[in-house]
Amino acid sequence: DMKLEKKIYLYDMLSSIEGRARDVPEDASFAIDVVLRHLPSMMYTPVGRSFFSPPTNYYHPLGGGREVWFGFHQSVRPSHWKMTLNIDVSATAFYKSQPVIDFMAELLDLRNIDSENIQ
């Protein structure tokens, strides 16, 4: 179930941007940020305020079953006379997609695994 929580008036935001009001309405700024984050959150893996995609043309292993994923940080900020969209690159560690046996072998730093002998 969805219910109306609060009406957001973008006119107040416009008044602030144009200098007719002193305060920037945080609820309107937050609402614009939520709307602009909706599509990326459906297309990428969100972590905090950043979005990441699995590696396709690169591979940066970190060991311990982890690898680097690159992405971007996005936020909407009010500034003097305009709204700004801040986009910056980011990177973080994700666990690799792999079978559990391979993950454990990498995590425990096992070189050879066969059914008779583990080295």
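The model is predicted, so local features need pLDDT of at least 70 and side-chain atom pairs count only at pLDDT 80 or more, while totals for chains, interfaces and linings use all residues. Residues are numbered from 1 along each chain as its sequence is written, and side-chain values use heavy atoms, with hydrogens and water left out. A search of the whole structure finds three salt bridges, and the count of aromatic pairs comes to six.

**Helix α2**

- Helices (H or I, at least four residues) and strands (E, at least two) are DSSP runs, numbered from the N terminus.
- Helix α2 covers residues 26-43, and its 18 residues should span 26 Å at 1.5 Å a residue. The expected span is 1.5 Å times one less than the number of residues.
- At R37, α2 bends by about 35°, and the proline P40 follows within four residues. The bend is the angle between axes fitted to the seven residues ending at a residue and the seven starting there.
- The buried residues of α2 are A28, S29, D33, R37 and P40. Buried means under 20% relative accessible area, exposed means over 50%, and partly exposed lies in between (1.4 Å probe, protein chains only).
- Among the elements that cover these buried residues are α1 (10-17), β2 (50-52), β4 (66-79) and β5 (82-95).

**Salt bridges**

- A salt bridge is a side-chain nitrogen of Lys or Arg within 4 Å of a carboxyl oxygen of Asp or Glu.
- K6 and D27 meet through their side chains in a salt bridge, with 3.1 Å from N to O. This pair links distant parts of the chain, 21 residues apart: K6 is in the segment before α1, and D27 is in helix α2. K6 counts as exposed because its relative accessibility is 53%, whereas D27, at 28%, counts as partly exposed.
- D33 forms a salt bridge with R49, and their closest N and O atoms are 2.4 Å apart. Here helix α2, which holds D33, is linked to the loop between β1 (45-47) and β2, which holds R49, and the two residues are 16 residues apart. D33 has a relative accessibility of 5% and therefore counts as buried; R49 is partly exposed, at 37%.
- E106 forms a salt bridge with K96, the closest N and O atoms being 2.8 Å apart. E106 belongs to helix α3 (residues 100-107) and K96 to the loop between β5 and α3, so that the pair links distant parts of the chain, ten residues apart. E106 is partly exposed, with a relative accessible area of 25%, whereas K96 is buried, at 17%.

**Aromatic pairs**

- A pair of aromatic rings is described by the distance of the centres and the angle of the planes. Rings of Phe, Tyr and Trp (its six-membered ring) pair if their centres lie within 6.5 Å; planes under 30 degrees apart count as stacked, over 60 as edge-to-face and the rest as tilted.
- Of the six aromatic pairs, one is formed by Y44 and F72, which are edge-to-face at 5.6 Å centre to centre, with 90° between the planes. Y44 lies in the loop between α2 and β1 and F72 in strand β4, so the pair ties together parts that are 28 residues apart in sequence. Y44 is partly exposed, with a relative accessible area of 31%.
- F52 and F94 also form an edge-to-face pair, with 5.8 Å between centres and 65° between the planes. F52 in strand β2 and F94 in strand β5 are 42 residues apart, and their pair links distant parts of the chain. Both of these residues are buried.
- One aromatic cluster is formed by Y44, F51 and F72.

Note on methods. Contact means heavy atoms within 4.5 Å.
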